[in-house]
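Subject: Structure for you to look at

Hello,

I am passing on the structure we discussed. Please open it alongside this email.

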Amino acid sequence: MFQVLSPCKLNLFLYVTAKRADGFHDLQSLFCILDHGDTMRFDVKDDGKGEFKLLNDMGFAVEDNLIYKAWKKLTTVSGKNFSATVDVDKRLPMGGGLGGGSSNAATTLLVLNHLANLGFDNNKLCDIGAQLGSDVPFFVAGHSAFVEGRGEVLNAVTVPEKFYLVITPRCHISTKEIFTNEELKQHYSPVRSFDELMANEFGNDLIPIVRNNYCEIGHTLDRLVKYGVAAMSGTGASCFVSFDSEQQAQEALSDFKADFEYDAFIARSVNVSHVITALASAK
C-alpha cells in the first residue's frame, strides 16, 4: 500500500484577460502548493482483470469521480488492465476552490503510473490530465507555477515560503456560474508580464462577482482584512491571508470569528509537491 499526501493549491492572484473562441477564458494566475490536503492510499495488482475499487466514494457515483476517471484513462492509453484499490481520507472541503478533486486525479495518475510500471513521462501524464480538468496538469507537474491560457500553460516559478490561514465558508460556488456571469467582462485585466504582475499587489478579478452572489465570501474577506491582505482562491469558496510565521497564523485563527459555518486550516507553501518528492524517494 502506497500512501501519500494529495496537496491543495491557492491562486495567489487570478486575472481574466479575455474570452476565447472555444468559450473558455484566458487567465493569468500564480498557483502555489500547500503542505495540506487529502491522504491517499493505493494498491495495484497486475492481474489483467482491470478492476477498480474506491473505498471512500465521497457521496457520489464512483464513475463520476476523477480518481476513477484517471485510472480508466491510464488503462485505456497503456492497454494494460491492471487493478487498483484507492482510499482517500478527505480533508479538503468539496467545492472550496483549492483544487482537491484535480489534485486527487493528478496524484492517481502519478502514483498508478509508478506502481503499475507504465513508463509514461510527466509530459504524457500532463496530456492525459488535461483531458480530466484544467488544473490537473498543474498538480501532475507538481511545482508552483505562473499559469496562462485556460490553465494549461505552466511556467514553473519559485514563490517565497509563507504560512496561510485558509477559511472556507460552507457554501458551494459554481465555477461555470461565475465564468458565464455577464458582469465578468467588466472586470477583465490587461495581459501583463510575470514581472509586472509580481511588482503589483495581487488581486482576483472574480471577487466582485462572487461577493455579489455569495454573501458568506464577502463576510469572510471583510473579517480577514484585520490580519492582512485578504484574498480569494480561484472562484472561491476559500479565502486566505498570508503570514511570515505559523504562530502569527495560529493567533489569527484563534481570533477569527464568524456568524456562519466554515472550515479552516493553516498550511505552509511549498514549491514542490509532496507527491513528486515521495515518488522520487521511492525509485
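Predicted model: local features only at pLDDT ≥ 70, side-chain atom pairs only at ≥ 80, totals over all residues.

Backbone geometry

The peptide bond between G236 and A237 is cis, with omega at about 10 degrees. A237 sits in the loop that runs between β8 (231–232) and β9 (239–243).

For M58 the angle is about 60 degrees, and for N117 it is near 55 degrees. M58 belongs to the loop between β3 (52–54) and α1 (66–78), while N117 is found in the loop between α2 (100–115) and α3 (122–130). Their surroundings are as follows. M58 has a relative accessible area of 18%, so it counts as buried, the cut-off for that being under 20%. N117 has a relative accessibility of 63% and is therefore classed as exposed, a term used for values over 50%.

The loop residue N65

The loop between β3 and α1 also holds N65. Its relative accessibility is 5%, which means that N65 is buried. The N65 side chain comes to 2.8 Å from the backbone nitrogen of I67. With neighbours within four places in sequence left aside, N65 is in contact with L54, D57, M58 and F60. One of these partners, M58, is the residue with the positive phi of about 60 degrees described above.

Helix α10

Helix α10 covers residues 274–282, and V275, A278 and L279 are buried in it. Viewed down the helix axis, the buried residues of α10 lie within an arc of 95 degrees, so they line one face. As a general point, an α-helix has 3.6 residues a turn, so residues three or four places apart point the same way. The buried residues of α10 pack against β1 (2–19) and α2. On the face turned away from that buried side are the exposed residues A280 and S281.

At the N-terminal end, α10 is capped by S273, with a side-chain oxygen 3.0 Å from the backbone nitrogen of V275.

Regards

Methods. Residues numbered from 1 in each chain as written. Heavy atoms only, no water. Helix = DSSP H or I, 4+ residues; strand = E, 2+ residues; numbered from the N terminus. Buried < 20%, exposed > 50% of the residue type's maximum accessible area, 1.4 Å probe, protein only. Arc of directions from axis to C-beta. Contact = heavy atoms within 4.5 Å. Polar contact = N/O pair within 3.5 Å; in protein donor to acceptor, adjacent residues only side chain to side chain.
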